[in-house]
Amino acid sequence: THPIPHPPPLPFLGNLLDLMDPESPLNALENLADTYGPIYKLMKGKTNMLVVSSVAMVAELCDESRFVKAPPMALSKKKPEEKEGEGSSKGKEKGNGRPAGMFTATNEDPDWGQAHRILVPAFGPLAIEGMFDQMQDIATQLLLKWARLGPSSQIAVTDDFTRLTLDTIALCAMDYRFNSFYSDSMHPFVDAMVGFLSESGNRAKRPAIVTSLMKRKEKQLKSNQDFMFLVGEDLVKQRREKGSGKGNTDLLGAMIEGRDPKTGLGMRDDLIVANIITFLIAGHETTSGLLSFAFLNLLKNPDAYQAVQQEVDNILGRNAISLSRLSKLPYLNAVLRETLRLTPTAPAIQKQLAPNCTGANATLEDGKFKIEPDDKIFILIGAMQCDPLVYGEDAKEFKPERMLEENFKKLPDAAWKPFGNGMRGCIGRAFAWQEALMVMAMLLQNFDFRLHDPAYKLRIKQTLTIKPKDLVMRASLRHGMS
Ligand code: MNH
């Protein structure tokens, strides 16, 4: 075996300082990959973090019999303490007294298995198609806002896309309206969520010992979390009282009424609440980032912009959007795929060795690099998706053509993983895709866009996800309002 390259660690802080890039820790990790190669090691506290960025090694990491998801450090709770009984746990026994939502749970957590089995059909193609009208409702609010603002207004792109995606997931998941387009200040739930996310993100960058000294931050984090849970509990209670009446197109209804085919049991209320919060968080920042980067790419690449607008005009004309027309937009699909290749908005995922994985299986590149059971393996999705061995020397350029179906099909499986992998891959993928296609199509159909500052240069704003920083556009209606 070969030693895994690594920058020199510092006593006590480990390699933490290497992550202290003024722009973003992600940037720092990518720069280190340029120096140390497609696999390198960082010491963070007591654990080693292996950072991987080649398609070949990611292909191995996608083998679910050898590697499993390691729940993200920034969000993970303390270890679950002893659980009572089997199957669905009593739930109050976890580190902070609350169960883990699907995103943060481990594979072994019976709460994950239960939620997964109940929710996979609720996120399936038919259910998502059933959400079309609600998605369109919110998209129309955005359209009207930009139409009324008029061509001389400066549009804060990521802010408005965040309003859109948040209102969309809340309406589709639980029939609740945040009405973000009707107020300058955010809904109190959203404030709590933003506070919670920003402190969770900051924690990932600080040594644990520093965080443990910041009592005020600790209290704030907890009170934000308490508030989200209170609102969530209230929503579940109200729904139980009035019944869903919406069938299974609503995720809250599916969780309240659904039974686990394996155990016959329904989900506990505290688990439903944890997952509602998970969907609101996982379901909005990523999609809003995707939409923002997609517009930036189009505005920086006039040929692609023209091609996609032409396609939208050919297929939609001035007609209302429908599901069947949305399925006929290959170039727009390619624009979204290429955007998530260059700037995957969930920029990294973590793996670790599967339990009982030993010998040659516990290595990468045929025995070359040995992996230890405690190692956390960090996949830099963006760097991996620019692997020159797969994407060539122009890998960093925006070229939607390489993502048209006939070319996309020929890529190695591991070469495009913005939605993660296998059974722990994104459950909201079809939801996000339908929403993004619809919004892009509606906006391109109705507006001409330009950058407020034609010289805008991309800088990344990183929280748990990434977005383009300070992106400002102007929008003018192409035809009158109909
Ligand atoms: Mn989503 C998991 C990316 C939209 C809900 N999502 C993941 C993972 C990635 C990801 C990557 C895997 C994480 C890991 O391996 O640790 N998700 C995205 C992107 C978009 C997105 C790039 C939009 C673009 N996700 C959505 C939407 C929802 C959602 C929309 C909900 C409505 N995602 C989830 C959930 C999981 C997840 C829940 C965890 C699934 C599981 O582990 O069972």
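Is asparagine 179 buried, partly exposed or exposed? With a relative accessible area of 32%, asparagine 179 is partly exposed, given that buried means under 20% relative accessible area, exposed over 50% and partly exposed in between, with a 1.4 Å probe and protein chains only. The model is predicted, with local features needing pLDDT of at least 70 and side-chain atom pairs counting only at pLDDT 80 or more, while totals for chains, interfaces and linings use all residues. Residues are numbered from 1 along each chain as its sequence is written, and side-chain values use heavy atoms, leaving out hydrogens and water.

**Positive phi in loops**

- Most residues other than glycine have a negative phi.
- Asparagine 179, in the loop between helix H6 (157–174) and helix H7 (188–205), has a positive phi near 50°; helices (H or I, at least four residues) and strands (E, at least two) are DSSP runs numbered from the N terminus.
- Aspartate 470 has a positive phi near 55° and lies in the loop between strand E11 (466–468) and strand E12 (472–477); at 52% relative accessibility, aspartate 470 counts as exposed.

**Packing of H6 and H19**

- The axes of H6 and helix H19 (residues 429–446) come within 12 Å and cross at roughly 130°, where axes are lines fitted to C-alpha atoms over the stretch in contact and angles run from 0 to 180 degrees between N-to-C directions.
- The contact (heavy atoms within 4.5 Å) is made by Phe161, Leu164, Thr165, Thr168, Ile169 and Cys172 of H6 together with Phe431, Glu435, Val439 and Leu443 of H19.
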